[in-house]
Amino acid sequence: MNEFQRRAADLLTALGRAFSVLTLYGPEHPRRAEVEREVFRSLVHLKELESLPTLTFLDDEVVVNRRPQRELRGWRWAPRLSEVGIQRIEFPSTPNPEDLHLFLREASARLTRPPGSPAETEAQARELQPGVIGASIRFGRVGLGGHRLQENTMAPVVTATLDFSLDEELDATEWLQTEVRQGRDLPLAEAEAVVRSLAVAARGHQAALATLLRPGPSAAQPGPSAAQPGPSAAQPGAGAARPDPFASVHAMNTAVLAMALAEFLEMDSRAVRTVGIAGLLHDVGMARIPPELLARPGPLSPEEQCQVERHPVEGARLLLGSDEKLEVAAVVACEHHVRYDGAGYPRFRIPRPLHPVSHLVQLCATFDSLMSDRPWRGRWKEPDALAYLESGAGTEFHPEFAREFVRMIRLERAL
Ligand SMILES: [Fe+2]
């Protein structure tokens, strides 16, 4: 934990104490002023290091200036604040004790208001107009890339937006793959940190899709006649060079798409995270394939093809040997090239139903692969890629997941 993170943790501790006191004691109790002063001191201290400190709460996650804070995970106020519409707090200008007082009063009122009760009084609403507390504190629900979630009935609240570039997550993913390529254990903590960060992006499906599915240098191709899509991005041969930047982008895109779909299917937050890890690591076994094999142009020989087709099993072994928490990710790595109808690879001696997350990740990996420029073909147009998934529902892809994925993308595009 660096100094900024330490001071952010101090502020959150002070805020937690203040919420406890303000929700327990009446307006005249001296303890209230005491905890407000403590929050103010912590905020001033933090502002010395960062001009725009930003706290984001998503379920049990705490994100400080775009970086998920593992040490602060489980901070008990995070899910409660998120639930009452305070998913993000920004401190844009010089701290002001009066602004802070009004903010804490509003937050504690929300935290103690029974579900379904009326919003704040008119007097409170007037006080909360931007310009009263808006000068030094902004808070509200999180939106992504200008796509704001609908605010609840508490109209005066200023809605914050996140500005994601995901460059740091991409760097971390590339580093993670390099570690594996060089024979070291998978750095699970880094993978989890990337997924926590991507989970924030997945919450705003539309912006996440627009951000991650970057158009490649060539024009979109007309569709199914332009390529022979496989079940994931790992197309062997055809001149892909190592290190392949596509691998990291594809891993992240697959993770975000899979988490977005998991949320669309109303999976709980823990399951969504598991799906994200599996998506991020599904092709990790490719790092163990000799780079010269993938860099060489032209089709592969049958022996070389066999070697590439070992990457699911290689990936599963690698993940199982890294951490027992990666059990689902290992299963998905092993199964992500097995189709819904059992074709594909590896061939299991005793056929078995695939893990549901394998179906989900396979679908998302295929979509991202089709939507990406590759050395042997240009990217597909989105309607063609969606039509391909639809046509493969029940044969190549899990029928329900395929239908829901297509529906999710079309809904997002229609917004
Ligand atoms: Fe693969």
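Helix α9 is mostly covered, with 17 of its 20 residues buried; a residue is buried if 20 or more other C-beta atoms lie within 10 Å of its own, exposed if 12 or fewer, and partly exposed in between, with C-beta atoms placed from the backbone. Keep in mind that this is a predicted model, in which local features need pLDDT of at least 70 and side-chain atom pairs count only at pLDDT 80 or more, while totals for chains, interfaces and linings use all residues. Residues are numbered from 1 along each chain as its sequence is written.

Let us stay with α9 for a moment. It covers residues 245-264, and its end C-alpha atoms are 29 Å apart, which agrees with the 28 Å that its 20 residues should span at 1.5 Å a residue. The expected span here is 1.5 Å times one less than the number of residues. Helices (H or I, at least four residues) and strands (E, at least two) are DSSP runs, numbered from the N terminus.

What does α9 pack against? One partner is α15, at an angle of about 130 degrees and with the axes 9 Å apart. Axes are lines fitted to C-alpha atoms, for helices over the stretch in contact, and angles run from 0 to 180 degrees between N-to-C directions. The two helices are therefore oblique to each other, given that angles under 35 degrees count as roughly parallel, over 145 as roughly antiparallel, 65 to 115 as roughly perpendicular and the rest as oblique. On the α9 side, the contact is made by His250, Asn253, Thr254, Leu257, Ala258, Leu261 and Ala262; on the α15 side, by Leu360, Val361, Cys364, Ala365, Phe367, Asp368 and Ser369. Two residues are in contact if their C-beta atoms, placed from the backbone, lie within 7 Å. These residues divide into nine nonpolar, four polar and one charged. Here Ala, Val, Leu, Ile, Met, Phe, Trp, Tyr, Cys and Pro count as nonpolar, Asp, Glu, Lys and Arg as charged, and the others, Gly among them, as polar.

Now follow the chain out of α9. In the loop between α9 and α10 sits Glu266, whose phi is near 65 degrees, a positive value in a residue other than glycine. Most residues other than glycine have a negative phi, and most peptide bonds are trans. Glu266 counts as exposed, because it has 8 C-beta neighbours inside 10 Å.

Helix α10 (residues 269-281) packs with helix α14 (residues 327-335) at about 45 degrees, their axes 9 Å apart. That makes α10 oblique to α14. Thr274, Ile277, Ala278 and Leu281 of α10 meet Val328, Ala329, Val332 and Ala333 of α14 in this contact, and the residues involved divide into seven nonpolar, one polar and no charged.

In the loop between α14 and α15 (356-370) you will find Pro346. A cis peptide bond joins Tyr345 to Pro346, with omega about -5 degrees.

Arg138, in strand β5 (residues 138-140), is buried, with 21 other C-beta atoms within 10 Å. Its C-alpha atom is separated by 6.5 Å from that of Phe91, 47 residues apart along the chain. Asp185 lies in the loop between α6 (167-181) and α7 (188-203) and is exposed, with 11 other C-beta atoms within 10 Å. Asp185 and Ser322 are 137 residues apart in sequence, yet 5.9 Å apart in space, C-alpha to C-alpha.

Finally, the whole protein. Its secondary structure comes to 17 helices and seven strands, and buried residues make up 42% of its 415 residues. Of the contacts with a separation of 6 or more, 72% are between residues 24 or more positions apart.
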